[in-house]
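Biologist: I would like to learn how to read helix packing and a ligand site in a model. Please take one feature at a time.

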Amino acid sequence: MKIINPATEAVITELKVDDASSVKIKYEKLQKGQKKWAALPVKDRLDTIVKFGDLVKQQADDLARILSSETGKPLAQAKGEVMGSLNRITHLKANAEKWLAPEVISSENGMEESIRYEALGVIANISAWNFPYNVGYNVFLYALVSGNAVLYKPSEFASLTGLKFQELLWEAGVPEDVFITAIGGGAVGEALLELPIDAYFFTGSYRTGKYIAEKLAEKLVPVQLELGGKDPLYVADDVSDVKEAAENAAIGAFYNNGQSCCAVERIYVHEKIYDEFLSAIVESVKNYKVGDPTAEDTFLGPLTRRPQLQVLRAQVEDAIKQGAKLECGGERIKQKGYFFEPTVLSDVSHQMELMQEESFGPIIGIQKVKSDEEALELMQDTDYGLTAAVFSKDKKRAEKLFEQLNTGTVYWNCCDRVSPNVPWSGRKKSGLGFTLSYLGIRAFVQPKAYHLKE
Ligand code: NAD
């Protein structure tokens, strides 16, 4: 498999891919390793994860360069991800022992009723490329601390990073038969589905996620899906500073080139501030520096995957044909690499694909609304349910909308953020199950009920 640098289209290296027989051998190794690993105290497993975090910190510059070279993520943002994702380890260190400890629920008349948490066994983690540190850690670090062995399939667009995870986890003391990487694309993922793995944790598109869930249904094992979104932001007329709101909305939409599952993908603006907001966001977006991801001041690098260039172009054409106004951008940048101009479209409607299908690129549609009720109706008009944001001075006004929104996460005066303290989950086509928080660690264990009579 050729690993391509999306900024230059040069081949970085070639990797040998796995196949059905090599993943079977890896699985069998993990099956043996898991039992010894699960027998260790939580504290010992946690110590190796903390050591892994220290190694990541020491090598952060190199790791960021690797991540940037295979995904096109600007170097500064790559470093931000490598360092920022360490908060998962801090969170585990503070809480894992407490959350995995046996719980005595009742003890009376010589009868003790308690819950003990047991690892699931060997789990598969089929992952995405857009934030491989964040979404990887949400699964494999929590799984390891809980006593599972992990067969980790990084995305084919983040394989070098995946191999680094393996190297550093082993160096930190995670046994070589407890975490193993499977390299390759969809076919290797498919091979994992054929193995008698105990649970599957998938991060990726709705299309692949749905296929995996259907394929695995007859196994009756846990299947968790972290999928895409079409996340709305509503900017109410009472925001204290329209320009600042526009700048923050733009960052929510364009950070990581819009390739975030929780990127702002649709913006609704109250008519009273619409014109001011629109000119401010267009000005902000026009000033974004696009180009070489290794340059320090670059905000937008190339897209990671070439085919997405056509998806974005098609969304722009469809929107314009149906009456949208192109405020800026709209085209592939004519140079080597998968660069697309940062694009803003106004006067959009829900008839347009731009407002219905995940764009996953540097492109945003902005629609004028007359009231909170109209904004709510449009925000709800989607098959997805990952996050939704409201910018307003009035917390109560935002909370009234939040109660009615069918999403796993809501944001007031912020957006496009994930925290280990609270669960990360999608509703509807955005997924199934939880990562992060105590719910996220419990996803990797199964409870056993103990009834103990003296
Ligand atoms: P994708 O569905 O193309 O691929 C995801 C993974 O599935 C890759 O490792 C791929 O090799 C593997 N795969 C592909 N076909 C397979 C098959 N038939 N069987 C088994 N595995 C298979 O998604 P992607 O392009 O890597 O990721 C982008 C998507 O992920 C976006 O929709 C984004 O919103 C979503 N995402 C969601 C979250 C979240 O937390 N909700 C986080 C990051 C990304």
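Modeller: Start with a crossing: α6 passes α7 in a right-handed manner. A crossing is right-handed if the near helix is turned clockwise from the far one by less than a right angle, and left-handed if anticlockwise. Helices here are DSSP runs (H or I, at least four residues), strands likewise (E, at least two), numbered from the N terminus. This is a predicted model, in which local features need pLDDT of at least 70 and side-chain atom pairs count only at pLDDT 80 or more, while totals for chains, interfaces and linings use all residues. Residues are numbered from 1 along each chain as its sequence is written, and side-chain values use heavy atoms, with hydrogens and water left out.

Biologist: At what angle do α6 and α7 pack?

Modeller: Two packed helices are described by the angle between their axes and the distance between the axes. For α6 and helix α7 (residues 159-172) the angle is about 35° and the axes are 12 Å apart. Axes are lines fitted to C-alpha atoms, for helices over the stretch in contact, and angles run from 0 to 180 degrees between N-to-C directions.

Biologist: Which residues make the contact between α6 and α7?

Modeller: Contact means heavy atoms within 4.5 Å. Pro132, Tyr133, Tyr137, Phe140, Leu141 and Leu144 of α6 meet Thr161, Phe165 and Leu169 of α7.

Biologist: How does α6 cross α5, left-handed or right-handed?

Modeller: That crossing is right-handed. The axes of α5 (residues 87-100) and α6 (residues 132-145) come within 11 Å and cross at roughly 35°. On the α5 side the contact uses Arg88, Ile89, His91, Leu92, Ala96 and Leu100; on the α6 side, Asn134, Tyr137, Asn138, Leu141, Tyr142 and Val145.

Biologist: Now the ligand. Which residues come nearest?

Modeller: A residue counts as near if one of its heavy atoms lies within 4 Å. Of the 31 residues around the ligand, Glu156, Ser205, Thr208, Leu227 and Glu358 come nearest.

Biologist: Where does Cys261 lie?

Modeller: Cys261 is in the loop between α10 (242-254) and β11 (264-270). Its C-alpha atom is 7.3 Å from that of Leu227, 34 residues apart along the chain. Beyond its neighbours within four places in sequence, Cys261 has contacts including Leu227, Glu358 and Trp424.
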